[in-house]
Amino acid sequence: MSTVTRANLAEHIYSQIGLSRNDSAILLESVLETISSTLARGETVKLSGFGTFAVRQKGRRVGRNPKTGIEVPILPRAVLVFRPSQILRARMNGDELTNEAETLAAEAND
């Protein structure tokens, strides 16, 4: 198992598309910056056939220190959530989707 890094992604763009290594890295950074800034504005990012990233607001709540039992306030915060597409779920579970099912799943994500 290996970790997907920016360098891995840029190298894959270089080998698949044929851009220079520098241009591949710039393209990748541009895509990641666009996704990041969209999420920072609280908007949803949908990647067809992959999944949906969204920002969810969690309210204030009371937590408890498990060691001492003392109540501690947990402040409101934004959290990033990811919902995989049906296509990605099928791939992760080793299921084969038919072309028709892939098309329907992709249209549902759009």
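**Strands, sheet and surface**

Modeller: Start with a pair of strands. Strand S2, residues 51–58, is joined to S5 by 8 bridges, and the two run antiparallel. Keep in mind that this is a predicted model.

Biologist: What makes S2 and S5 a pair?

Modeller: Pairing takes at least two bridges. S2 and S5 have 8, so they count as paired. One of the bridges links Thr52 to Arg83 in S5.

Biologist: Which strands form the open sheet, and in what order?

Modeller: The sheet has 3 strands, ordered S1-S2-S5, with antiparallel pairing.

Biologist: Why are S1 and S5 called edge strands?

Modeller: Strand S1 (45–47) and strand S5 (77–84) each pair on one side only. Neighbouring strands of this sheet are turned against each other by 25° on average, direction ignored.

Biologist: What else is in the chain besides this sheet, and where?

Modeller: The chain has 4 helices and 5 strands. From the N terminus, the order is α-α-β-β-β-β-β-α-α.

Biologist: What makes a residue count as buried, and how many do?

Modeller: The cut-off is under 20% relative accessible area. Of the 110 residues, 18% count as buried.

Biologist: What share of the contacts comes from residues 24 or more positions apart?

Modeller: A contact needs heavy atoms within 4.5 Å. Among contacts with a separation of 6 or more, residues 24 or more positions apart account for 31%.

How values were computed
Residues are numbered from 1 along each chain as its sequence is written. This is a predicted model: local features need pLDDT of at least 70, side-chain atom pairs count only at pLDDT 80 or more; totals for chains, interfaces and linings use all residues. Side-chain values use heavy atoms; hydrogens and water are left out. Buried means under 20% relative accessible area, exposed over 50%, partly exposed in between (1.4 Å probe, protein chains only). Axes are lines fitted to C-alpha atoms, for helices over the stretch in contact, and angles run from 0 to 180 degrees between N-to-C directions.
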